[in-house]
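Here is a brief report on chain contacts and domain layout. Take a look at the model before reading on.

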Amino acid sequence: MAGILDFAPAIVLLPFLSFLIALGAGRYMPKGGALAGIGATAGSFVLSIATFFAVSGGQTYNQHIYTWATGAGDAVSLDFGLLIDPLSSMMLVIVTLVAVLVHIFSLGYMNDEGETGLPRYYAGLGLFTASMLAFVVSSNLLMAFMFFELVGLCSYLLIGFWFRQQGPPSAAKKAFLVTRFGDYFFLIGVVAVFATFGSAAFAGPEAFPVLAEEALHGEHAVNTFLGMGEQAWFTVVGLLVLGGVVGKSAQFPLHTWLPDAMEGPTPVSALIHAATMVAAGVYLVARMYGFYALTPTTLGIIALVGGFTALFAATMGVVKKEIKQVLAYSTISQYGYMMLGLGVGGYVASTFHLLTHAFFKALLFLGAGAVIIAMHHNENMWDMGGLKEKMPVTYYAFLSGSLALAGIVPFAGFWSKDEILYEALNHGLGTDGGLGTVFLIAYAMGLIAVFFTGFYTFRMVFLTFHGEPRSETARDPHGFGWNVKFPLAVLGVLAAVTGLVNMAPVEDLTGIHLTFLHDWLDGGISSLTAHHYLEVLESGVGAGLHPAGIGSIAPGLVSLALALAGAGLAYRLYNVPEPVEHTDKLGSIKTVLYNNYYQDEYQVWIATGVVQPISRALDKFDQGIVDGVVNGVSSVSLFAGGRVKRIQTGVVSNYAALLTLGLTALLLGLGLLGGWFA
Amino acid sequence: MIIEALIAVTFLAALVTFVLPDRYAGKAAFALSLAPVVGSLYMWQQYDASGNALLGGNIAFETDVVWLQLGQYDIHWMVGVDGISMPLVVLTTILTTLAIVSAWTPISERQSQFFGLMLLMEANLLGVFTALDFFVWFIFWEAVLLPMYFLIGVWGGPRRKYAAIKFFVYTNIASLVMFIGFVSLVFGLGDSITSLRLPEIAQALQAGQLGSFAGLSAGALASVAFIAMFIGFAVKVPVAPLHTWLPDAHVEAPTPVSVMLAGVLLKMGTYALLRFNFTMLPETARAFALPIALLAVASVIYGALLALAQQDLKRIVAYSSVSSMGYVILGLIAYTTYGVGGATFQMVAHGLISGLMFMAVGVIYNTTHTRMVGDMSGIADRMPVTAGIFVAGAFGYMGLPLMAGFAAEFFIFKGAFESTVMEAMPLFTGAAMFGIVIVAGYLLFAMQRTLFGPFRFDGDYDITEAPFHDVAPLAVLLLLTIVLGVSPDIFFTMIQDAVTPILELGGAF
């Protein structure tokens with residue numbers, strides 16, 4: 001079927017092309033390769049939109065495009081393929097749109113600020129975008145893993161962009177290392193999926209989630225290992241893959257890399273947080289949701305990790321001084337919500353939050369970037385204040401994003417976060433046994449986090465934009481051009497309206513059909529649809545979830561009230577001309593929060609206090625014992641003391657003679673033993 | 001005849017280089033070494049073998065003539081390649097040429113001897129990978145040591161004598177152990193063989209011709225021979241704990257020699273393990289699966305942890321080779337297409353990537369005259385191109401997808417996980433895979449401290465970008481690594497073709 005979907009590979013290849021152009025010829029180009037990047041990502045965006053419409057017309061695309069490794073005989077081949085369905089086409093639009101806007105914004109943030117190394121920067125952005133897009137359209141788990149890793153490489157390169165300073169290289173290393181730790185489990189998971197099912201495809205006749213489902217139905221056998229039953233083994237495999245998700249999506253306890261990653265240029269932060277690296281983890285769970293829906297234990301763990309991370313990160317966001325740090329913790333927290341939603345069976349709700357969060361978080365980071373330009377690269381909110389009058393476009397856009405983040409109706413974040421919490425409550429009340437309790441605990445954590453989110457978000461807004469300017473630079477901020485304002489305006493509008501695509505409470509209230517995202521994710525390939533997932537979730541072989549059938553209005557009002565309470569408290573405390581650090585009243589709790597619960601400390605301790613001493617001790621062991629035995633053996637035998645010296649000082653012919661003698665002796669031995677000379 | 005021509009041309013090139021004046025030797029050696037490169041690529045392009053050379057497969061470029069008589073045995077001049085050796089032949093020629101170019105800067109005295117020895121070593125290496133008669137093979141195998149010995153002992157660092165002797169004695173004793181093991185097999189086969197051709201021996205063993213010898217039953221003899229050969233080859237690989245000659249040899253050897261040592265010489269060990277132990281005695285290998293898998297995991301993790309403790313960039317890469325070779329052992333013992341195929345692919349991939357890393361360290365050393373991590377920082381500021389390639393190579397070493405190392409490691413992991421030699425293989429695989437985290441740890445730490453951060457250098461040298469001929473071999477290796485990573489089928493198809501017959505072998509006794 002020839003159609004627009006045949007151009008889908010170009011969505012990936014265009015940013016890759018811009019990578020090559022920026023790398024090879026960026027230094028000869030007027031904006032250091034920026035224009036190539038903008039052109040390429042804009043082209044990808046247009047194609048993504050076209051793809052989106054094609055998919056909405058009912059088309060899907062699941063094509064093999066390249067055999068990476070051909071298996072001989074019975075061995076399976078490892079393929080690359082494109083899978084375009086409602087989920088991936090939606091993600092394509094998100095990623096390409098954010099990428100275009102980040103490229104444009106970079107003109108203001110990097111080019112106008114006189115940065116050097118721009119070709120390297122734009123090459124990195126291009127490769128980052130291309131890797132993420134390839135990950136999004138991956139048709140199987142191995143391809144997904146490969147581009148997942150390339151996404152990690154690009155984040156390393158971009159976080160460490162300012163490599164001449166002390167901080168960025170260290171942060172880049174940490175980001176790669178911590179996520180690599182997660183990816184270790186992911187890679188075992190990939191290998192295990194191949195070993196179990198003989199295929200790692202997401203869709204099609206050999207889709208591994210479908211094979212797993214059929215195996216649980218007893219329709220055919222799959223390989224399990226280590227003597228485990230199918231259900232137990234699938235749980236193990238699911239948790240292994242989840243390791244990569246926890247790393248990339250910065251979930252507890254592998255979230256520690258993300259706040260450090262703020263060392264990178266701010267547009268990069270926007271890209272990492274909204275549309276690429278961090279989103280990749282959650283997207284992966286959504287992509288293979290049919291598999292996770294089969295294993296209740298995994299779902300419970302996902303829900304708990306998500307709920308805990310949402311709350312845990314939100315509390316840390318309360319005390320931060322730097323604007324980007326607040327946003328970093330909000331990212332961790334918001335991805336916690338998405339995990340929570342996926343864990344409790346809210347596939348659509350989480351995907352919805354992935355969509356809205358992408359826009360409002362990109363917006364907030366770019367807004368923060370605009371503030372940072374204005375403040376001459378000072379990020380401390382206590383030096384800001386009163387920026388509202390001087391930069392109205394930024395202010396209103398940032399406000400739109402903040403309202404979305406805090407979850408205030410009718411901004412985007414309200415609808416999506418609310419739906420996640422509703423799903424948690426609904427399935428928590430309805431599901432029997434321990435799983436229901438786990439969901440309710442996760443729900444409670446998510447609900448409390450709403451209050452903190454409202455508080456830290458508006459603390460940030462008020463400290464930055466309201467009150468009196470608290471420093472010279474805040475009184476006279478640096479100006480900037482259209483290339484900063486335009487992306488902010490676009491995203492500001494999106495943050496306000498995106499929620500309208502899926503207004504479940506309003507549908508409940510009015511009876512008018514308004515849950516368009518549900519319809520959207522119900523289309524396409526039948527094993528990848530929302531209602532298929534729901535069937536699996538509620539079936540006997542799956543997780544066995546049950547909705548309690550409660551209405552969505554009351555829970556929505558509860559979370560809205562909490563968000564408003566948090567925002568209101570922030571208003572009381574910080575919307576004053578001369579705010580003071582009220583969080584000081586928390587005393588030692590603040591110290592704990594400010595130090596991130598000492599999570600970094602213990603991880604650094606594991607690296608430097610445990611692993612390094614072990615490796616040094618092993619080194620001593622190796623030099624002293626292992627090599628000592630070797631040297632000992634040699635010195636008591638043929639090469640004792642003085643003889644070694646004599647051999648060592650010999651001339652070239654001696655060595656040759658030695659070798660020849662050795663060879664001859666060997667051959668003589670062979671001959672004598674074998675009686676060849678007889 | 002092309003293999004004979006290839007080896008002869010390389011020998012001739014060595015001779016010519018020996019007699020040239022020092023100042024032309026480097027350039028001449030490079031030009032002359034292009035001949036084997038072209039030859040091996042031509043072979044690769046004309047390659048038409050199928051199956052395994054030892055197991056009755058169709059051998060490419062085969063020559064098989066009786067050369068001389070040794071007691072009851074005919075010694076044949078038998079050479080040829082199959083899907084296992086062909087990639088290694090290509091690797092050898094390309095890596096030698098690049099190593100020669102990388103030697104232009106650091107080697108400043110007795111060049112004609114240096115480059116002559118490099119080419120001499122190449123000729124012998126080509127012999128090792130193509131010989132199919134034990135006698136011929138063994139001569140080449142031993143003859144590789146001689147040039148390597150001199151290259152370390154004459155052009156090496158301060159402790160070059162110690163390192164050279166250690167290398168020479170250690171590997172020679174290992175050869176002796178291996179030799180005894182192999183010869184006992186030959187005796188055990190008795191009259192069922194009339195020559196020492198490897199295919200004949202392998203097929204006789206497969207046909208169950210192994211009898212008793214020296215009071216040992218056939219099964220016990222096979223075990224003893226297996227262990228002796230395994231120890232002999234394991235020193236070469238090296239498998240922990242038989243690895244201690246390696247870091248000393250690498251640290252003292254000049255960069256181009258390290259490139260050859262890590263890139264090709266280590267592969268002699270894994271190649272021989274595959275050809276002898278795992279092809280000739282598959283049943284014994286399967287019976288020893290547990291200790292072999294343990295050794296593999298130990299090599300991976302132990303080598304990686306040792307690399308973590310090092311401050312000398314070259315020692316880091318040296319120990320990481322122990323780690324990478326552990327993966328090869330894991331893949332071999334898996335006895336699956338992806339396991340053994342991946343192990344063979346890893347020989348090539350690691351050859352390219354370790355060559356790249358040693359060269360990159362060498363380029364930095366040429367400029368800074370130090371390899372200690374603590375002596376410098378922010379080198380990327382002054383040597384951006386070198387640093388860029390260093391970073392790319394390091395990520396290749398970490399197993400970044402779409403580079404050759406990932407393909408090899410993934411094949412091995414996949415093959416080892418689904419292996420049926422032992423119930424617990426998934427656990428061993430999972431344990432060995434932790435190497436990918438540690439390798440990221442030590443390489444990222446090393447890069448952060450040397451390449452990045454504010455520029456600082458304690459020495460007196462002017463730090464500027466390296467000359468073109470230093471960087472070019474790095475770029476070529478990087479490109480090859482990416483090409484093989486994007487399209488592993490270039491070699492993987494022929495490798496699997498030669499590996500599959502090994503997997504189909506049943507028990508002979």
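This is a predicted model. The contact between the two chains takes 57 residues from chain B and 58 residues from chain A.

Start with the chain B side. Several helices each supply at least two residues of the side that touches chain A, among them helix H5 (134-155), helix H12 (289-309), helix H14 (337-368) and helix H20 (489-503) of chain B. H6(B) gives the most, with 8 residues. That helix spans residues 160-189 of chain B.

An unreviewed UniProt entry places the feature "domain: NADH:quinone oxidoreductase/Mrp antiporter transmembrane" at residues 132-432 of chain B. That span is 77% helix and 1% strand. Its end C-alpha atoms lie 33 Å apart.

Now chain A. The domain assignment gives domain 1 (1-139), domain 2 (349-581) and domain 3 (582-647) of chain A. The C-alpha centres of domain 1 and domain 2 of chain A lie 27 Å apart. Between these two domains, 18 residues of domain 1 are in contact with 21 residues of domain 2. Which helix gives the largest share of the domain 1 side? Helix H3 (residues 86-111) of chain A does, with 11 residues.

How values were computed:
Residues numbered from 1 in each chain as written. Chains lettered and ligands numbered in written order. Predicted model: local features only at pLDDT ≥ 70, side-chain atom pairs only at ≥ 80, totals over all residues. Domains from an automatic or database assignment. Contact = placed C-beta atoms within 7 Å. Helix = DSSP H or I, 4+ residues; strand = E, 2+ residues; numbered from the N terminus. UniProt positions renumbered as here; feature names shortened; annotations may be inferred.
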